[in-house]
Amino acid sequence: MLWLALHFPQLTLEALPLRQSPSVVTARGRILAADPVAAAAGILPGHKLSTALGLLPGLRACERDPAREARALADLACWSGRFTPTVSLAPPAGLLLEIGGCRRLFGGIEAIVAAVLDGCRIQGWSVDWAVAPTPLGARWLARAGAAASYESLAALQAALTDLPCVVPDWPAEVVARLDAFGLRRLGELSAQPAGGLRRRIGNGPVDDLLRACGELPDPQRAFVFPERFAAGLELPSRVEFAEGLAFAAQRLFAALAGWLQVRQSLLRVGTLQLTHDDGSSSALPLRFGEPCADEGRFMRLLREHLSRLQLVAPVEALSLVADELVARPDASAGLFDQAVQGEGAAACIERLRARLGDDAVRSLALHADHRPECASRSDDPAGILAAKTTSTATFDKPRPLWLLPAPQPLAERVDGPHWHGPLQLVTRGERLESGWWDSGEASAVGDLRRDYFVARTGEGQWAWIFRDAQGWFLQGLFA
């Protein structure tokens, strides 16, 4: 196994909707984290709040919110599902991703790490990382800012020897006792007899060291992805224009995409709920032309909606709910590389609907009626794309793509019908007798009795014509 450990050093700060800068997060009157402006003024973790206010009188202090941090870590775990189904929480500010079984899928460890770090950057998370064969060793190295991969136990053990004993976050009394013994590095600690260490500092630190080095098993509790996706986010400032919601919503859609990957599901309908500063709320439904699980496609559709949306009041919070899901169909990968596909008809249709409105985008479907004027109808394009036919009508005779609004009378001469010259009949007649049940009421066409032919003009154009009791008529043209 190979573990990618992610440590979010600013989680206590970045999980809060800080509405101004400079800001700090405090607990029991002490600074836990400071934003860049506060840090530049000399405010460091561990300082008293009174000292920080003396350095920067305009400082805004927020109390730590462990519940909000836990929700943020769970959302990050959902997002991590796009890389591996084996994710473990490493509270208070870490994740463990087992990536050994996924390296071939992504093209190597470096590619996975690059994709993970890029996703964290896009969502606005500060992150340290390390890759190692043991979960605890990877966590310690990530917290130390290693930013490197150690794929063998030998390489891991060599890297651990240089870490200070404070990195494992053991109790202060253990660290003080080790310091009194002159043991400041893990390499110095591991060189001591285990029996004597257990008597002096207890079993816990010694067992931790053995687990980190791979000499004791270290099973991890897997993160349980929720059965239903619903995530929320409080915005750092009031958003007055709809386009400004896209950046904040990216975190929610990133978590949704990872959750869908693990659940082997596709999203058909979702809802983005907007909470306004006056206490009201509004819903933005997101309907897709075909079920999908692509974060980029989610964001493209959202931006189309936001470009037309007029906010009734400034927005303070967002929440995203996956309303309608379908199971991901089983499909085998191609033996050979396939050409890169474009956006596709379904994605184009859903963006047009978001821009123009649902009723402005329609498709044509066959209707069980042999009369040409009644053989098609306007339909929902989503049903066509999902191969949900509304009719069992089939026609084994040629039909033109272009029908005239009304049949056009043709001149008839000794050599037959004329349209820009004589027409040559190239098929035998196809007799249509249909519509007697309408009697001209339910259909503008009503009852008909016609003989249809495919004809060719002198210029090579193909036409669809018919003859009835009134003479010859042009019905349509072939492409």
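Trainee: How many helices and strands does the protein chain have?

Mentor: This is a predicted model, in which local features need pLDDT of at least 70, side-chain atom pairs count only at pLDDT 80 or more, and totals for chains, interfaces and linings use all residues. Residues are numbered from 1 along each chain as its sequence is written, and side-chain values use heavy atoms, with hydrogens and water left out. Helices (H or I, at least four residues) and strands (E, at least two) are DSSP runs, numbered from the N terminus. The protein chain has 16 helices and 21 strands.

Trainee: What share of the residues of the protein chain count as buried?

Mentor: Buried means under 20% relative accessible area, exposed over 50%, and partly exposed in between (1.4 Å probe, protein chains only). The protein chain has 479 residues. The share that counts as buried is 45%.

Trainee: What share of the contacts with a separation of 6 or more joins residues 24 or more positions apart?

Mentor: Contact means heavy atoms within 4.5 Å. Among contacts in the protein chain with a separation of 6 or more, the share from residues 24 or more positions apart is 61%.

Trainee: Which strands pair with S1?

Mentor: Two strands pair if DSSP finds at least two bridges between them. Strand S1 (residues 3-7) is joined by five antiparallel bridges to strand S6 (residues 94-98). Here leucine 6 stands opposite leucine 95. S1 also pairs over five bridges, in the antiparallel sense, with S7.

Trainee: In S7, which residue is the bridge partner of tryptophan 3?

Mentor: Strand S7 covers residues 128-132, and four of its five residues are buried. Histidine 7 stands opposite aspartate 128 in S7. The bridge partner of tryptophan 3 in S7 is alanine 132.

Trainee: Why is S1 largely enclosed by the rest of the structure?

Mentor: Look at both faces of S1. Trp3, Ala5 and His7 are buried on one side, and Leu4 and Leu6 on the other. S1 is largely enclosed because the number of its five residues that are buried is five.

Trainee: In S4, which residue is the bridge partner of serine 23?

Mentor: Strand S2 (residues 23-27) and S4 run parallel, joined by four bridges. The bridge partner of serine 23 in S4 is arginine 60.

Trainee: Is proline 45 buried or exposed?

Mentor: Proline 45 lies in the loop between helix H2 (36-40) and helix H3 (49-55). Not counting residues up to four places away in sequence, proline 45 touches Ile31 and Leu32. Its relative accessible area is 57%, so proline 45 is exposed.

Trainee: Is glutamine 123 buried or exposed?

Mentor: Glutamine 123 has its place in helix H6 (residues 109-123). Leaving aside neighbours within four places in sequence, glutamine 123 is in contact with Leu76, Trp79, Arg251 and Ala254. Its relative accessible area is 6%, so glutamine 123 is buried.

Trainee: Which residues have the most contacts inside the largest nonpolar core?

Mentor: A nonpolar core is a set of buried Ala, Val, Leu, Ile, Met, Phe, Trp, Tyr and Cys residues joined through side-chain atoms within 4.5 Å. The largest one has 65 residues. Its largest share, 12 residues, comes from helix H13 (residues 245-263). The residues with the most contacts inside this core are Leu256 and Leu318.

Trainee: How many residues does the second, separate core have?

Mentor: This core includes Ala142, Val167, Leu186 and Leu197. Its number of residues is 31.

Trainee: Which helices do the buried residues of H12 pack against?

Mentor: Helix H12 spans residues 203-212. Its buried residues are Pro205, Val206, Asp207, Asp208, Leu209 and Ala212. They pack against helix H7 (135-143), helix H8 (153-160), helix H9 (172-180), helix H10 (186-190) and helix H11 (194-201).

Trainee: Which glycine follows H12?

Mentor: Its phi is positive, near 85°. H12 is followed by glycine 214.
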